[in-house]
Every structure is written in C-alpha cells, then in structure tokens.
Amino acid sequence: VDYHRVTEEAAEGIALALVSSGCNWIVLRRLQRGEVADWLLRGSNGALVALEVSGLDAPDNGRRLREKLAQVHKARFDVKAACLVVLAKPQASLSLQEGDV
Amino acid sequence: VELESLYEKVSDAIFTAEGLEATGAPGAAEAYREVSRLEEQIAKLFPVGDTEGDLARRGAVRAALNAGDLKRADELQERYASDARATKDFRQQLEALWAEALPGSALLAHASHLADTFAFSALRIELMAA
C-alpha cells in the first residue's frame, strides 16, 4: 500500500464531501498532476472553483495550508481554494494507578 | 450531459493513469493516451480562450507527453497554438508543458528530430523546384 497515496485519497474524499455539503460546490472534474489544483468545481453562483487538497497525519500550524493556497493562487479560475485534511487526531492518554504522587 | 459524462470519464482516467504511473505498473502509457483522447473531446466543446477549454487543451497535450506520444503531443500543440484566437500566454503555457514533461536530453532529441524533418522537407521542396 502506498501510504502517501492513501493519505491523499482519503483527504480528497473528505475535502470534496466538505465543500459539497458546506459550500454547495459541485464537483466537475479532476485535474491532471502539473496543473495548479487537484479539482475543478462550480460554485452555487456559477463561478469556477480551483481546489487544491492536501492530507496530513498531524497538525502543522497551518504551514501546509499556506503553501497550498500559494500554489492554487496561480490558477486562472474565479475562485481559488485549498483544503487541508488532518487525518490523525492528536490524542494523549494518562492513566494513574493508585499510589503517591 | 455530454460534458458531464466526459468530465466523469476523464476524472476516472486521470486517477487510473496517475495510479499506474505511481506504482510503476504496466499500462500507464495507454492510460495516459486515453486521458489525452478524453481531454481532446472536452476541448472541442469549448472555444479557444475559454477557461475550461484551455484547461482541456493543456490536458490533451500534457497527457500525450506523459504517454510518451510526442508525435501526438506535437500535433495537438500545433493545432491549438495555430488557432487565431489563441493568446500568446496560452501558447507559452503549451510550450512550457514540454519542458515540464521531458528531461533535457529528451527535449533535445525531439528538437533534433524536428530539425531533421524540417531540413528534409526543405530539401524535398528544393528538389521539386529544380
């Protein structure tokens, strides 16, 4: 299994579901690698939206999202958007047994 | 409806081609040829200068290059660039695809092939004139 590809595909699925339900954007098509975005969508007002999607295992303080926004900014579409999906939720567990602390 | 269907097909075809290429599996070249054919069909539905149409025209050339079909990429680029409505910016975008897709040596080899072809054509014209 190509772990990187699995992460990207999972991120794409979540991102498309998010913009579809949250923004009412309609997915038109996938773009080839080398274009400045991953997907072309149509907004509810008819605008063409270029969407770049990225997936991460852990939060990075928005660095990747800023990079992707800068990348998609070069696109010649009405709206340029980037979506970052963080797949692994940070979790800390602390368990104490009886005893003095 | 036709565009919707083509968009669905090209999305699937891109997914397949890039997946095969990433894993080194056989069939990537043929998959990219299919992407190029679909992009060409999409391009026919839009005039030159239209955002979606120009995206498809770039896509047709890009996929032909990824398939290693330089002849087809050259023909498509020539056709799209020679359209009177094509802007200088769009022509430059098409030219840039070659540099992106081909390493320097392959680009030189292609340029050499074109130069040979041109020289042969010029020679033939001269012979016919004589």
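1. Let me start with the contact, where contact means heavy atoms within 4.5 Å. Chain A brings 15 residues to it and chain B brings 24 residues. Please keep in mind that this is a predicted model, in which local features need pLDDT of at least 70, side-chain atom pairs count only at pLDDT 80 or more, and totals for chains, interfaces and linings use all residues. Residues are numbered from 1 along each chain as its sequence is written, chains are lettered from A and ligands numbered from 1 in the order in which they are written, and side-chain values use heavy atoms, with hydrogens and water left out.

2. How much area is buried between chain A and chain B? About 1800 Å², with 48% of it from carbon and sulfur atoms; buried area is the accessible area (1.4 Å probe) that two parts lose on being put together, summed over both. On the chain A side, A:R29, A:R30 and A:Q32 supply 37% of what that chain buries against chain B, more than any other three residues.

3. The rule finds seven salt bridges across this interface (a side-chain nitrogen of Lys or Arg within 4 Å of a carboxyl oxygen of Asp or Glu). One of them pairs A:R29 with B:E39, whose closest N and O atoms are 2.7 Å apart. On the side of chain A that touches chain B, α1, β1 and β2 (39-42) each give two or more residues, and β1(A) gives the most, with three. Helices (H or I, at least four residues) and strands (E, at least two) are DSSP runs, numbered from the N terminus.

4. Do look at α5 of chain B, residues 88-101. Its 14 residues reach 21 Å from first C-alpha to last, close to the 20 Å expected at 1.5 Å a residue (1.5 Å times one less than the number of residues). B:F90, B:Q93, B:L94, B:L97 and B:W98 are its buried residues, buried being under 20% relative accessible area, exposed over 50% and partly exposed in between (1.4 Å probe, protein chains only). Seen down the axis of α5(B), these fall within an arc of 150°, so they line one face of the helix; the arc is that of the directions from the helix axis to the C-beta atoms. The face turned away from the buried side carries exposed B:K88 and B:A99.

5. Two backbone angles deserve a glance. Most residues other than glycine have a negative phi. A:N24, however, has a positive phi near 60°; A:N24 lies in the loop between α1 (3-23) and β1 (26-30) of chain A, and counts as exposed at 52% relative accessibility. A:N61 also has a positive phi, of about 60°, in the loop between β3 (48-56) and α2 (63-72) of chain A, and at 74% relative accessibility A:N61 counts as exposed.
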